[in-house]
Amino acid sequence: MKPFKDQLFAYPGILEKTDGGAFLRVDYDERRDLDERDAIKEQRVKSDYVSLKPRWSEQTLQFKAGGRMIKFIAAGKTRDARMAVIYIHGQGGNRFQGANDWRFGGNFNRIKNLMTRNDGLFISTDFSDFGTRGKDEVKQLMKLVAANSPGAPIFVACGSMGGAICWRLSEDPEAARLLGGLLFLGSMWNNDFFKMPMLTDKSRWVPIYFGHGSADSVFPWESQKEFFEKIRRAAPGYPVKFVLFETGSHGTPIRMTDWRAVLNWMLSVNG
C-alpha cells in the first residue's frame, strides 16, 4: 500500500525483537504518545494526524441478516475494491467507534485514508451480540463485500471483546474462506484454535496479528503471548505476529498499531 503519514504513525522505538521479528516489544510512553499527541486528551488528536479526504466517499449503509437490518459505515470503494478492512468494536461500542477520525490518536482516520488512497474499503459495523448471531451478521457483511469486490482479501480487526467475533469467524468454514487476515487489538485468545482447520491445514492458514498493552487490566498480555508462542510451536511457520506496547493499557493497540505495516505483511503472505 502507498504510505500515509508513516512517520507520525511509525512505532516510536523497538525495545525487543525476537522470532525473526514475529515478536516486537514497542516503546510506548503515555506522555509522548497520548498527552502530546492529543489536543484534547483521549477525545481529539492534533490535526497533523488527520486528513478528512475519506469523507468524500464515507456513507452509512445497511444490509439484511437474520431478518434484521444492520447499519455500517463505509469509506472507500464499495465495489471493485482491492482489499477491505472490517472493524469489530468491543463491549459498549458501536459502528461510530471505528469511523471516528479524531479519537484513538487518529488511527482510525489513518486506516480510512490507507483504504481510500489504495482503492480499498474500510467498514465499521454494528452487530447484535458477540455470539453466534453477531458472527452470522458479520459473515453476511463479508459475503456482501466479496460479492461486490470479487477476490479482494478481507481483513477483520477486532477490538477487545470483539475478538469473540473474530474467533467465531475462524471456526465457520464459509467465513474462514473469505478471510485475508485477523487482527486482535487488546483482545482474547481461544484454545479451540488448535483443533481448527485454519491451524491444522496449512492450505487454510490465515495471517494473525496480536496487539497488546503490557498494562492491560482486562486481558493479561502474558496469557496472550503464551497463546502466540503455542501457535508458533504447534505450527512452525504459521503467519502470526505479536506486538507488545510496553506500559500500554487496554486501548493502546487501537491507538498505536501500525495499520500499514501489519496489512502490508498480511498482503505479502496472501501473495
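Predicted model: local features only at pLDDT ≥ 70, side-chain atom pairs only at ≥ 80, totals over all residues.
User: In which sense do S5 and S6 pair, and over how many bridges?

Analyst: Antiparallel, over 7 bridges. S5 covers residues 59-65 and S6 covers residues 68-76.

User: What is the bridge partner of Leu61 in S6?

Analyst: Phe72.

User: Switching to packing. Which residues touch the most other members in the largest nonpolar core?

Analyst: Val156, Phe193, Phe210, Ile231 and Tyr238, out of 52 residues in that core. Helix H6 (residues 163-171) gives the most to this core, with 5 residues.

User: What is Val156 in contact with, leaving aside neighbours within four places in sequence?

Analyst: Ile86, Ile88, Met142, Cys166, Leu169, Leu179, Gly181, Leu182 and Leu183.

User: And how many residues are in the second core?

Analyst: There are 30 in that separate core, among them Leu24, Met115, Phe155 and Leu185.

User: OK, helix H11. What should its 12 residues span, and how far apart are the end C-alpha atoms?

Analyst: At 1.5 Å a residue, H11 (residues 259-270) should span 16 Å. The end C-alpha atoms are 16 Å apart, so the two agree.

User: Which residues of H11 are buried?

Analyst: Trp259, Arg260, Val262, Leu263, Trp265 and Met266.

User: Why would residues three or four places apart point the same way?

Analyst: Because an α-helix has 3.6 residues a turn.

User: What follows H11?

Analyst: Gly271, with a positive phi near 75 degrees.

Technical notes
Residues numbered from 1 in each chain as written. Heavy atoms only, no water. Helix = DSSP H or I, 4+ residues; strand = E, 2+ residues; numbered from the N terminus. Expected span 1.5 Å × (residues − 1). Buried < 20%, exposed > 50% of the residue type's maximum accessible area, 1.4 Å probe, protein only. Pairing = 2+ DSSP bridges. Core = buried A, V, L, I, M, F, W, Y, C linked by side-chain atoms within 4.5 Å. Contact = heavy atoms within 4.5 Å.
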